[in-house]
Amino acid sequence: MRTRFIVDKSVGYFLMLMALTSILAVFLIGFFTLREGLPAISEIGLGRLLTGSVWRPGLEEFGLVPMIAGSVLVTIGAAILGVPLAIGCAVFLAEIAPRWMSNIVRPAVELLAGIPSVVYGLFGMVVLVPLARKVPVAGNSGFGLLAASAVLAVMILPTITNISEYAIRLVPREYREGSLALGTTRWQTITRVILPSARSGIVAAIILGIGRALGETIAMIMVIGNSVIIPRPLNANPLTIFLSQARTLTGNIAVEINYATGIHESALFATGVILFVLIMLINSSARAIMRERTR
Amino acid sequence: MEETTGACRLRTIGYKLWYGDFCALHETTLDIPSNRITAIIGPSGCGKSTFIRTFNRMNELIPGVRVAGEVLLDGQDIFRLDVVELRRLVGMVFQKPNPFPKTIFDNVAYGPRAHGLRDRNRLAEIVEKSLRSAALWDEVKDDLSKSGLALSGGQQQRLCIARTLAVEPEVILMDEPASALDPIATLKIEELLQTLKKDYTIVIVTHNMQQAARVSDFTAFFMTDENRSGHLIEYGPTSRVFTNPREKTTEDYISGRFS
């Protein structure tokens, strides 16, 4: 009796220790990134880092605006391409597909989440970049925001699809029946009752997808071109901005960290801190939205 | 059927229903008269909800359901009608009040809007008329932009009735509409039924035999036993079924000798 009690207790403590370890990992990563980034933040200043439009480490110019623009634009592109696809997929899985079919489609979508991102990069290089190059605009190399957005759209698909499908399935069956019983079509029921009722869950799903998009690194390096420029339209058509090359915040760190020293290295760590805070904000806002829903 | 008077609105002829291989409802033949309240009574699992969900083909939402026999609405085979049109003609109020998470106005306007009505004034008229018919207007007229979910249970159920009336059905099906409500709210719904039957044909499933006796003109008694799942035992004018049942099973059930 007594030994059993002791075993029970110690298993409890052991498991708690494991849980604390993962929290400790988050804390340590945050702490060391911040420690390494602090010299740059104090010397250059957060303001100049965030608003400077020139990144030329050799000349001690550390403006992150080109990379911020690159990250933001590629994420917007990925959302434009990926969100409708993902929500369509979620509606299909939750509302339309018979069980046997969703049992095939769902694992296939989930498999997308398991593909290493370097493989996405390879696919982007051999398929999407050549495709993007076919758009006949002067200065279009194929490498750039369009190809990167397309790769990213597929990468965030499983996140958004999974969570949205879950949110749609949580909509009470009574709403669905109540709507159909009024003589509405299935499509009307989906667009007028089910999607509005699942809205907060779907918004949270999109935000989490965006968080994932902002953090993606290697696949972006492989297809986005990595030029340190603020993306601009290649001709009079503003949409050609997506044919411009760019560099993401994450890509900037990965490309330069191998040879960076001194303040340059610290500036890259500071970029890491900015990303860390940004993604923490994004995830917690998604969490807050979801919590609001379940209440 | 000899007892039904007036025009018959709904009729089932040898209607049967299976869930997969399980026959949930055995051959049922009965006529439901127009502008009357017909109550469907019987113990749990006797197929009364399944039966009522036949008339707006809600059973089709469940995979694996098969039916046989005929079901007629005003002489037309409902299985040949467009299901969306059928459900406009045959409205339904559910056991648990299920207003949409929208405003009171939008709840009532939902059906007409889905059917293509855009004119604001016309919508406002329909909303007011429907809420009045559902005896809810006086309680909510100052606050139509409040969420339907903010109302009390009884009010929510009357909102659902108003929502159903707004699409101008001919028949209203009610699946234990008061079972989730307190006695006062129940009484309000029962009073409402008496005014609604002037304009609509009402079929109501109820667990509560006093309620069936109080509100209905005709009563159909369904039963289930070891040998047969849901089947119709007796059907006739409520006063006759309750005071002078023809079947021993009916008498036993009504006098409370079964659960």
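**Salt bridges in the predicted model**

B:Glu60 is partly exposed at 42% relative accessibility; the class lies between buried (under 20% relative accessible area) and exposed (over 50%), with a 1.4 Å probe and protein chains only. Its salt-bridge partner is B:Arg57, with the closest N and O atoms 2.5 Å apart. B:Arg57 is buried, at 11% relative accessible area. A salt bridge here places a side-chain nitrogen of Lys or Arg within 4 Å of a carboxyl oxygen of Asp or Glu.

The model is predicted, so local features need pLDDT of at least 70 and side-chain atom pairs count only at pLDDT 80 or more, whereas totals for chains, interfaces and linings use all residues. Residues are numbered from 1 along each chain as its sequence is written, chains are lettered from A and ligands numbered from 1 in the order written, and side-chain values use heavy atoms, without hydrogens or water.

B:Arg158 and B:Glu139 also form a salt bridge, at 2.8 Å from N to O. This pair joins distant parts of the chain: B:Arg158 lies in helix α6 (residues 153-165) and B:Glu139 in helix α5 (residues 137-140), 19 residues apart. Helices are DSSP runs (H or I, at least four residues), numbered from the N terminus. B:Arg158 is buried at 4%, while B:Glu139 is partly exposed at 38%.

B:Arg88 and B:Glu85 meet at 3.8 Å, N to O. Both lie in helix α2 (residues 83-89), three residues apart, about one turn. B:Arg88 is partly exposed at 22%; B:Glu85 is partly exposed at 33%.

In chain A, salt bridges link A:Arg106, A:Glu165 and A:Arg169 in a network. Over all chains, the structure holds 22 salt bridges.

Technical notes: Helix = DSSP H or I, 4+ residues; strand = E, 2+ residues; numbered from the N terminus.
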